[in-house]
Amino acid sequence: MSTRDNSGAPLLDVRDVNVVYRGSRWRSPSFHALHDVSMQIRAGETVGLVGESGSGKTTLGRALLGLAPISAGTVTFDGADITRANRRARRALSRDIQVVFQDPYSSLNPAMSVESILAEPLRAQGVPGAEASARIGQLLGQIGLEADAGRRYPREFSGGQRQRIAIARALALKPRLIVCDEPVSALDLSTQARILDLLIDIQEQTGVAYLFISHDLSVVRYICHRVAVMLKGRIVETGDGDTVTSRPRHAYTNRLLMASPIPDPARQAERRRQYAALSS
Ligand SMILES: Nc1ncnc2c1ncn2[C@@H]1O[C@H](COP(=O)(O)OP(=O)(O)O)[C@@H](O)[C@H]1O
Ligand SMILES: [Mg+2]
């Protein structure tokens, strides 16, 4: 994690962001999903965003990508205000900010070969064919797939391999920030660890920053430099990864900690007892 930049202005600066979803039907109520959310991410840094389901984690990720309606507050990327970036500015921004979703089964188009999946972002940015082919070869190597994987289709790969392909697609344009929204939550435990290690290796090689969204504190502890804890659309605790995930200050964070799976069954049982005591 030597690429982490602790000096100067943050790469991403989120200030007092509010998101209000309009009701989808006439007179149906609107929903205030984020309240005055602030966070900063530096170049090369991994910031975890944890919280129970429905707390607003995905909404924050989507707000950064221009996919959720920001009603107040600002999002600054590399010094530029992108809060209300138009379609054209967003297209340019997609070079710098990418996303990896939870479900590697639905996020890859099953009708496209891996090669065409990886070529798509390159073509959209006008990268010439020969350069794109070379880049695709590089990407396959970076995620640990054989070069002939390019000719195959998503259905021929396991969940973990598909998530590698989704990560390669996100890396294609050498972004500076990747929003990872529960990227390992659909995978079994040993596959989770390998994908987390891959993300760490990629960060060391490229200096990319991650907003790492997860409901699972043990995953977050493994990969994040800093952690923000979200409850009902508000950030209730932030700090360095080890402190927040081992000695949380907020009772809610402690409950998340008790609920997070740990591989050791005896410790798991002890955790469950503590958790039951906390919840009652
Ligand atoms: N498009 C939408 N319209 C209305 N409400 C939404 C929409 N998307 C999410 N929500 C609501 O916002 C809240 C936060 O959702 P989300 O950001 O998906 O939480 P998380 O990712 O932490 O599980 C939830 O109550 C959810 O029902
Ligand atoms: Mg979510």
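Six strands make up an open sheet of mixed pairing, ordered β6-β7-β8-β3-β9-β10. Strands β6 (97-100) and β10 (234-240) are the edges of this sheet; each has a single partner strand, so one side of each is left without a neighbour. From one strand to the next the twist averages 20°. The model is predicted: local features need pLDDT of at least 70, side-chain atom pairs count only at pLDDT 80 or more, and totals for chains, interfaces and linings use all residues. Residues are numbered from 1 along each chain as its sequence is written, with chains lettered from A and ligands numbered from 1 in the order in which they are written.

Helices (H or I, at least four residues) and strands (E, at least two) are DSSP runs numbered from the N terminus, and two strands count as paired if DSSP finds at least two bridges between them.

Strand β3 (residues 46-50) runs parallel to β8 (residues 209-214), and five bridges join the two. Within this pair, G48 has F212 in β8 as its bridge partner. β3 also pairs with β9 (residues 226-231), in the parallel sense and over four bridges; here V50 is partnered by V229 in β9. The pairing of β9 with β10 is antiparallel, over six bridges, and A228 stands opposite T238 of β10. β9 and β10 form a hairpin with two residues between them, and K232 in the turn has a positive phi of about 45°.

Helix α5 (residues 159-171) lies across β6 and β7 (177-181), and its direction is at about 175° to β6. Axes are lines fitted to C-alpha atoms, for helices over the stretch in contact, and angles run from 0 to 180 degrees between N-to-C directions.

**The four-strand sheet**

A second open sheet has four strands in the order β2-β1-β4-β5, with antiparallel pairing. Its edges are β2 (31-41) and β5 (80-81), each with a single partner strand, so one side of each lacks a neighbour in the sheet. Seven bridges link β1 (residues 12-21) and β2 in the antiparallel sense, and V19 has L34 in β2 as its bridge partner. Helix α1 (residues 57-64) packs on this sheet, touching β1, β2 and β4 (70-77), and makes about 65° with the direction of β2. Residues are in contact if their C-beta atoms, placed from the backbone, lie within 7 Å.

**Helix pairs**

| Helix pair | Angle | Axis distance |
|---|---|---|
| α5 and α6 (residues 189-206) | about 20° | 10 Å |
| α3 (residues 114-124) and α4 (residues 129-142) | about 125° | 10 Å |

The angle makes α5 roughly parallel to α6, whereas α3 and α4 are oblique to each other. Angles under 35 degrees count as roughly parallel, over 145 as roughly antiparallel, 65 to 115 as roughly perpendicular and the rest as oblique.

In α5, G159, G160, Q163, R164, I167 and L171 meet T191, R194, I195, L198 and I202 of α6. This contact of α5 with α6 has five nonpolar, four polar and two charged residues. Ala, Val, Leu, Ile, Met, Phe, Trp, Tyr, Cys and Pro count as nonpolar, Asp, Glu, Lys and Arg as charged, and the others, Gly among them, as polar.

Between α3 and α4, residues E115, L118, A119, L122 and R123 of α3 meet A132, R135, I136 and L139 of α4. The contact of α3 with α4 divides into six nonpolar, no polar and three charged residues.

Methods. Two residues are in contact if their C-beta atoms, placed from the backbone, lie within 7 Å.
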